[in-house]
Every structure is written in C-alpha cells, then in structure tokens.
Amino acid sequence: MRISITTRFLPNVQKITSEHIMKQIKAIHYDITRFSDMDIYLFKEGTHVKLYDKLGSHPMRREGVKGVYFAVWAPNASSVSVAGDFNGYDPLAHPLKIRGDESGIWEGFIEEAEIGQTYKYHIVGYDGRHFDKADPYAKYAEKPPRSASRIWSVDDYRWSDKEWMNRRKERNAHDKPISTYEVHLGSWRRKVEEGNRSLTYVEAAHELAEYLVQMNYTHVEIMPITEFPFEGSWGYQVTGYFAPTARYGTPQEFMLFVDTMHAHDIGVIMDWVPSHFVTDGHGLINFDGTCLYEHEDPRLGYHPEWKSAIFNYGRNEVRAFLISSAMYWLEKYHIDGIRVDAVASMLYLNYARKEGEWIPNKYGGNENLEAIAFLKQLNETVYGAFEDIFTIAEESTAYPMVTRPVYAGGLGFGFKWNMGWMHDTLKYFKLDPIHRQHHHHQITFSMWYAFDENFVLPLSHDEVVHMKGSLINKMPGDENQKFANLRAMFAYMIAHPGKKLLFMGGEFAQWREWNFEESLDWHLLENPRHKGVQKLVGDLNDLYRRERALHQYDEKHEGFEWIDDRDYQHNILAFIRKSDNPDETVLVVCNFADAVYEDYRIGVPYDGEWKEIFNSQSGQYEGWDITNRHSLKAERVECHGRDFSISLRLPPLGVIFLKRS
C-alpha cells in the first residue's frame, strides 16, 4: 500500500499498514546526530568548511548496533526519506526528521544499512512534486550511467606518502620548477585488446607515474574526476563534488593513484568546477523542489553557453558546500593543487550573455560581487588550512590581481593560466615564417605583462579539440618544417618566464585532435620524428628543473632581461634568464625564420666562454643538426648595448640555450 507523504515529517506509523514497512520504520532512529550547535551556526554563516564530516552518509554505531547516519540539506521540502538497497528502494520506509533549528537539515540513523549499498533521497517538494536525488555529499556513486549514491567511507586508507607530504611545501614553492602534464584519465592510454576500455585508477597509477618520471615532469593535472554523468563533458558537468568517478575504480583506488604519484615525486593537481553544474534530474538542480543551489532567475542561474546551472554564491550554505568540497580533496586525498575551472565566467555577470540577458550588480556593473567574495573566501580557507598547496585560476580576461593576496585586494590564487600567451604564441607559430616579421609583436607582447601575475603557460586540451587541430597540425610548412616549428615552440615555452603545462599527446606530436573516446596514438612513437619530439620535451623538462635561472624567478622581473626583441626582419629573439647567481645565467636565442644565419652576433652580459647546452634542431631530436659544437669565446665587440658579444650559428626554426662555461 503506497501512501503519499505530504507533511514535513511523518513518523506516525498508524498511517502505514504494511507489516514490512512497519519493520523498516522501526530500524530508523532520530536520537543521534553529528551536528553540534557550533556546526549549525557555522553552516548557516557559510563558514563551515568540513561539511563532509557532517552531511551525507556516515557508517556509525548506535548503542553498539551498526548502521548509517544520513543527513541532507533540503529546507523547502515537505518530506525527505532514504530509499536504497537496504529497503528495496521504498520511498516510505525510512523518512528522515527535520531538525528544529531552522537549518533545513533532515537526518536519521538507519540500522543495518552498510557500506557499499546504494541509495537516493526521495524528496517531496512544498508543492507535492516528488524527486529522487543523489546525495550531494556522497563519497562514492554507482558507475554511470547509473546514478545512485553509495554508502562509503574513506577513512580506512593507509597513506604511505609521509616523505612527500613533509617536502611538499618545497616542491610546490613558487621559486621551484613546476612542469605539468595535463591528463584525461579515460583516454590517456586504453586497453584496446580488452574492448578499448580505459585504465583503472590502479593501472593508471603505475603506468602514468613511470611515464611522468621518464619525461621529467614535476606535476600531473587531472581533468575533472569528480563524478559526472555525461562522458562527453570530460568531467566539467559535475554531479558528485565529493566522489571520484566510479568509472575507473573505488575512492581508495584513487587514493592509491595519488599515493603512487607521490612515491614517484609527482604532485597531483585536480581540475575543480565551482563555476556551474549539470542539470540532470538526479543532481543539484531544483534539489528540494526549489532553486536551492542555483539562482531562480535564469539571467543569474543558467549558463547559456554550457547549458548548465550557476551556483548561487550569495547563499551561505552553497558557499560552505563548495569550500567543503575543495577542502575534502585536499584533506582526504592529499591533492597538491586545485585548478579552478572557468573563473572568468564566475567573475562577470554578462559572461557569454547578450544585452538584456543579465542583471547588473548593485552598483550597476558587470562584476559578480558574490562570486568574487566566494573566490576570496575559498583561497583564504584552503591556504589557511594547507600552506603547502596551491590554487590555479583558469581566467581568460584582464581581471586584476588574480594571484595577489586577499589582504592586498587580490583574489588570492597561487597561479593563473596565461591564456593570452597561449593564444598569441599559437597564432604566431601558425604563420608561415615569411610572414612572421609582420607579427613580431605577437611573440614579444607577453613579456610586457609576464610578471603582473604568477603565471602558468598552458598548451591545454582546449587548443586540440573542436576542429582546432593538434599542435603539430597547427604548424606551417612540410612535415620537416612542422616538426621543427613544434620543437622550437616547446623550447620557447620552457625559456619563457612562467610555470609550464602541456596536454597529453602534444609531447610526441600526435597528428589527430584529441578524442576522449580513444587512446592517444602511442604507435606514432615508432616514427623517429615523433620519438624525437618526445625526447626533446623530456630533455627540456630536465633542463628546466636543473637550471635555476629557468625557474627561480619565473614571477619576477629580476629573472628576465632582453638582449634583442627588435630584430623582426630576421624573426629573431634573444634574452637571458637569471637566478640569484650570475654564473647560472642562461642565454636564449630563437630563430623563427626558415633560414640559417651564420656568424650572427649577439651581445652577452659577461665575458668568458659560452657553450650551447640545448638546441631544438639537434640531430638527437631528429632535427637538422645545425648546431654550435664548440665553445664560443666572448669578444670585446659592442653589440646590443653590451660590451661583449659572441658570433653564433643560428639554426632555422630553432631555439638554442647557452651558458657560460
């Protein structure tokens, strides 16, 4: 017999006549809670940053009896119950009770529920509509396309990364090398012989860690693994902000993934998406029958470009939810850095909107004041709890002081993606070398603002999808020239001030655009040219890590000085990178013309002998082997405003690094 529950709480069992249901209801108790008065105060205030310890499902004991405590925020619901494996998904079997403190939290302890079982919250809205919702605080979920939450605990994992954690502050320091490999776990490498399946967390842990060590990367950035329903969203349309996707394994297996990376001295950065969320019915949208997590007005609460919902950052409980999510991954999963996706869409109310499709702020401007306040609170919170991690903003506008401290008026991020550098660099390298002299400013402009923020130089997944072509296919010329241009661009990237990020597949010049449903084209490494690019990237990463001049002052004017930025007619740039030790100075000369320049004179800062320590056209990279094989003695010949200079052989479409021997 089914009875509709329309009151806010219905413990009156006389209304339910089924003997089976009666037995189930007896197994729920309301005399246990995980909330103190202070928890409720902080929750309402929006400053509770560990709600994952309170809300959601928690295996516990009550008077010695095992069971699970459930708590969910649904302030506008008429009733909330838990339907799951333990009650045959009967929405009447286990109604929760709303707290009497106006927090809007429903809770209850269900005997005999246990780890591994699935469940959803059955919510009846104020208007009588029924909803089956996944738990916003679930730590694990069913493997998509199934969408139920799963009772789980992550507290039994035994970490073995104490040595890494003790040294993490040094590894993540701004004056240390940070070279990041961006990865989509589902398509980096697949088991083609087993139905083209993706690697599991455990398989990827070992195979990817070994590869990153081989390639001399310092960090890996994982595209979102927070649970998501649609594979084609690449993880950027989230339903589970506390659950690693079940596609590749259990939460403990993802912990092993991070642990394995740390054992190989690799830091783990995860993409995190507080900018918008998916509108699938089992998710956060219209959660308790009202716009709880999102704005009701679509001009504020709906993202027209991504067809997703926008968080209501002005609601205290929503801010606490999001900040608790970030804190959860940092605390429970030992994540070393969080890259915040689509920050620009958060900062501006008119982002991707036409006139009349947005509402100005209270001052009449287009800045989203509530989102700005949220980002500041986020960064203050996570840095206050974990001083040795970092946050990264994917921010594509000229919004000021993104990486400056909150107390100084900034947003408080550790780093910002330099999207301008990425777009200008790719535009320049797409040009036939004969035309580059007319676009010289595109390759030099980034130096004018290189130290305004703490930048990461990305060549990310966004540039190799949606018909944009792969990196190698963006390069002009015949096949030889394409490879030479790509090698030169990678060398220029390492020489340019800023931390580094490269999306998977670029490091061996994959021809195809990235396809999330297929493995990278690893067979290309049978071709010497592709193998040569891979070796070049590995050597550049090693050089970047070894040479302090290439990373110590990535964010400071002291680390960079032009030798010559004006030789547009020859497509040549020359500059030096510096550390706090003059003997470590590295001279970088870029020849982006398709011509050899013999006896090209370059001013140098010091007397002595200069030796070529890297050449992107070296034969070991399948280049054209046009190099400076012998040390070059500085002569007292004034050039570029310097008292001393050297005469070089510059390879076409090549970049060379020199150091005083």
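**View 1. Asparagine 196 lies in the loop between strand 11 (190-191) and strand 12 (197-198).** In this predicted model, local features need pLDDT of at least 70 and side-chain atom pairs count only at pLDDT 80 or more, whereas totals for chains, interfaces and linings use all residues. Residues are numbered from 1 along each chain as its sequence is written, and side-chain values use heavy atoms, with hydrogens and water left out. Strands (E, at least two residues) and helices (H or I, at least four) are DSSP runs numbered from the N terminus. Although asparagine 196 is not a glycine, its phi is positive, at about 60°. With 25% relative accessibility, asparagine 196 counts as partly exposed; here buried means under 20% relative accessible area, exposed over 50%, and partly exposed in between (1.4 Å probe, protein chains only).

**View 2. Alanine 509 is found in the loop between strand 23 (499-503) and helix 15.** Its phi is near 60°, a positive value in a residue other than glycine. Alanine 509 has a relative accessible area of 1% and is buried. Most residues other than glycine have a negative phi, and most peptide bonds are trans.

**View 3. Proline 144 and proline 145 are joined by a cis peptide bond.** The omega angle of this bond is about 15°, and proline 145 has its place in the loop between strand 8 (130-133) and strand 9 (149-150).

**View 4. An open sheet is formed by six strands in the order 24-25-26-31-28-29.** The pairing is antiparallel, and two strands are taken to pair if DSSP finds at least two bridges between them. Strand 24 (560-564) and strand 29 (632-633) stand at the edges with a single partner strand each, so one side of each is left without a neighbour in the sheet.

**View 5. Strand 26 (residues 586-591) is joined to strand 25 (residues 572-577) by six bridges.** Across this antiparallel pair, alanine 574 stands opposite valine 589, and leucine 573 has cysteine 590 as its bridge partner. Strand 26 also pairs with strand 31 in the antiparallel sense, again over six bridges, and there the bridge partner of valine 586 is lysine 659. In a regular strand the side chains alternate between the two faces of the sheet. Val586, Val588 and Cys590 point one way from strand 26, while Leu587, Val589 and Asn591 point the other way, and all are buried.

**View 6. Helix 14 (residues 479-495) lies across strand 25, strand 26, strand 28 (609-615) and strand 31 (654-660).** Helix 14 runs at about 40° to strand 31, where axes are lines fitted to C-alpha atoms, for helices over the stretch in contact, and angles run from 0 to 180 degrees between N-to-C directions. Helix 15 (residues 528-546) also packs on the sheet, touching strand 28 and strand 31, and its direction makes about 135° with that of strand 28.

**View 7. The axes of helix 14 and helix 15 come within 10 Å and cross at roughly 10°.** That makes helix 14 roughly parallel to helix 15, on a scale in which angles under 35 degrees count as roughly parallel, over 145 as roughly antiparallel, 65 to 115 as roughly perpendicular and the rest as oblique. The contact (heavy atoms within 4.5 Å) involves residues of helix 14 including Phe483, Leu486, Phe490 and Ile494, and residues of helix 15 including Val533, Leu536, Leu540 and Tyr544.
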